[in-house]
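Biologist: I'm new to this one. Could you show me the structure and talk me through it?

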Amino acid sequence: MSGPAEATLEDFYHLAEDRTASAAQALPRRILSGTERIHLVRQLVPLVEEVDRHLGDYAAAGRYAAAADPQDAAAVANARRALRDARSALQRSAGPRRPDRPVPPNGARGTVEEALARLDDARRFLALARDVMAGHHAEGGRADTPYGALLAAGTGQRFVAARLGHLAGQAARFGRSVVPLTEQRAGLSLLSFEDACRHLARAGAHLRPPDGTEVGAVGHLPVAVAPAPARIEPDEGLTARLRYLASGADRLQTAAYQAVHRPSSAAPYHAAALRGTAYPLALSHLLAGRLLHTVAAALDGGLSPEAVRTAGEHLRAAAQAWQQVTPRWERLQDLGDPPGLRPAVHPSTAEAEALAVRVGRILYSDDWTQHHPPGSPRPAAELLAEGPGALLQALHRIPAAAAVHAEYAPALVDRLAGRLVTDDGMVDPRRDGGRRWFPAQPVQITALRQAYVRAETASGRAAYALADLAESARLLVPRAELDRAAHLARHAPDRLAPVETHIGGWRAVAREAAPALSEAAGRPTGAGPAAPADPSTGAARPSWRDTRPRQQPARDRRDDGPRRADRSHAPDR
């Protein structure tokens with residue numbers, strides 16, 4: 001079984017190309033009437049306009065920054081000119097607008113109505129792809145999710161351009177399929193249609209990557225999820241839980257990103273929200289490690305024992321790192337915390353708790369909560385009902401999203417620092433009238449920020465380890481590639497792809513043949529970037545790519561796992 005799947009940017013591009021290619025196959029094998037040809041030409045115009053509109057959004061100032069590379073910007077501009085020439089030629093071929101006449105019925109070997117419907121489907125799918133991209137940006141062109149920066153990077157630009165170029169080439173091939181079916185007396189109308197096909201092929205050639213490949217990480221871009229509180233339904237099955245794990249992790253990381261970059265429209269963070277998120281994330285990592293250990297023996301040698309052990313070690317290390325965040329909050333209070341004995345739970349806290357509960361219910365029972373003893377895990381065969389790939393992909397989202405949350409937590413702490421107070425005696429109360437509460441000290445804020453930095457590093461390593469585990473078993477975890485690329489795009493976009501790769505480049509010349517781009521995406525794997533400095537300490541900020549999974553030092557097993565009054569979730573000793 002393939003397990004739950006999410007719609008991605010590549011899915012919509014592929015569907016648009018598939019519908020355009022299949023439209024040619026739907027054409028009847030006979031000479032088309034004048035009315036049929038005009039309907040086909042008019043239906044092709046909206047598709048060409050959608051490709052041009054897509055490129056226009058892509059090249060808009062402040063949106064995807066296409067002018068960042070002069071060669072890329074020139075290729076996009078040349079392609080847009082070719083698309084506009086194609087649209088003008090199509091409009092000349094269709095002639096002046098007349099009252100629509102119904103398309104006459106066709107033979108059984110193909111129908112014009114079916115070809116028209118497939119062209120319209122292609123336009124709709126391309127519009128959906130544009131909506132996917134727009135969902136990761138706010139008004140004004142700023143990135144609105146952790147993946148938004150990837151669209152503005154050179155890698156994202158070249159992927160989008162290559163897919164649009166491929167679609168323009170498919171439209172040119174469709175047009176050339178119509179030409180032999182057009183009656184010769186069409187005259188100038190037929191010549192204009194052939195010109196339109198040449199312009200479409202030229203647009204595709206301008207957008208063709210110089211090496212004929214595409215960088216595919218951006219293709220895994222998902223539909224942006226709304227940052228809404230999680231709901232745990234009592235009758236969720238394995239399929240739903242795996243899907244909700246992924247969407248909940250997306251909401252968790254998006255909420256932290258928006259709180260830093262768009263605070264006016266995001267739910268405001270307070271100390272209770274950050275404090276309440278740490279323990280559920282620690283528990284989620286620990287339960288994910290136990291689940292991995294439970295299913296490893298049932299995979300019949302499909303997973304490397306060393307890779308399983310490494311991933312488990314990193315998940316436990318990440319659980320410890322998140323566990324150590326909580327004590328840093330114990331002597332701190334936020335004057336801006338919601339009032340009342342039972343204040344409303346912050347959406348991020350609700351998402352983190354939902355992650356832990358869902359992993360626990362996948363592993364143990366349908367009514368498990370973090371207050372219950374763990375009990376015996378489900379049989380491995382039941383846990384793998386959706387396939388090992390689906391399980392590993394869902395588990396990978398936990399540390400990947402936790403790392404993004406921890407990445408932005410120090411900035412949120414800095415915003416709260418002015419209203420944090422402490423009672424830990426670091427300030428002598430006799431010097432201030434015997435007051436109990438005093439402003440939080442810089443050393444406390446620094447320790448809190450460093451705890452989040454360590455949690456980010458540990459979760460990032462765990463995410464890498466799970467991705468390596470899937471790779472060792474030849475299982476696909478496409479979001480792992482997207483998360484790595486997005487992390488680099490936010491911190492070192494110049495290291496995402498070789499600088500010599502441009503859209504079109506010197507090979508972006510007008511050609512009648514539409515490009516046939518390779519489906520095997522090229523994925524650069526060069527060394528990671530230098531880590532940016534942490535402003536709180538001046539030290540190099542840990543980078544996921546700089547912290548590939550490595551052997552962990554021996555630890556006292558008594559220190560594993562989150563600690564609370566309830567010790568039922570501590571690791572086995």
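Biologist: What is the mean pLDDT of the protein?

Modeller: The mean is 78, and 74% of the residues reach 70 or more. pLDDT is the predictor's confidence in each residue, from 0 to 100.

Biologist: And where does pLDDT stay under 50?

Modeller: Over residues 497-573. The model has 192 contacts beyond four places in sequence for that stretch, a contact being heavy atoms within 4.5 Å. Where pLDDT is low, though, the predicted coordinates should not be read in detail.

Biologist: How many helices and strands are there?

Modeller: The protein has 16 helices and three strands. Helices (H or I, at least four residues) and strands (E, at least two) are DSSP runs, numbered from the N terminus.

Biologist: How much of the protein is buried?

Modeller: Buried residues make up 54% of the 573. Of the contacts with a separation of 6 or more, 84% are between residues 24 or more positions apart.

Biologist: Let's pick a helix. How many residues of α10 are buried?

Modeller: For α10, 16 of the 19 residues are buried, so the helix is largely enclosed by the rest of the structure. α10 covers residues 305-323 and reaches 27 Å from its first C-alpha to its last, close to the 27 Å expected at 1.5 Å a residue. The expected span is 1.5 Å times one less than the number of residues.

Biologist: And what about α8, how far apart are its end C-alpha atoms?

Modeller: They are 35 Å apart, which agrees with the 34 Å that the 24 residues of α8 (238-261) should span. In α8, 20 of the 24 residues are buried, so it is largely enclosed by the rest of the structure.

Biologist: Switching to packing: at what angle do α1 and α6 pack?

Modeller: About 10°, with their axes 8 Å apart. α1 and α6 are therefore roughly parallel; angles under 35 degrees count as that, over 145 as roughly antiparallel, 65 to 115 as roughly perpendicular and the rest as oblique. The axes are lines fitted to C-alpha atoms, for helices over the stretch in contact, with angles from 0 to 180 degrees between N-to-C directions. Residues making the contact include Leu9 and Tyr13 of α1 and Phe159 and Leu167 of α6.

Biologist: Now single residues. Is histidine 285 buried or exposed?

Modeller: Buried, with a relative accessible area of 0%. Histidine 285 lies in helix α9 (residues 271-296). Leaving aside neighbours within four places in sequence, its contacts include Leu315, Trp322 and Ser459.

Biologist: Which loop holds arginine 474?

Modeller: The one between α15 (442-472) and α16 (478-491). Arginine 474 counts as exposed at 79% relative accessibility. Its phi is positive, about 60°, although it is not a glycine. Most residues other than glycine have a negative phi.

Biologist: Last one: where is alanine 217?

Modeller: In the loop between α7 (188-206) and α8. Alanine 217 counts as buried at 5% relative accessibility. Setting aside neighbours within four places in sequence, alanine 217 is in contact with Glu481, Leu482 and Ala485.

Methods: Residues numbered from 1 in each chain as written. Predicted model: local features only at pLDDT ≥ 70, side-chain atom pairs only at ≥ 80, totals over all residues. Heavy atoms only, no water. Buried < 20%, exposed > 50% of the residue type's maximum accessible area, 1.4 Å probe, protein only.
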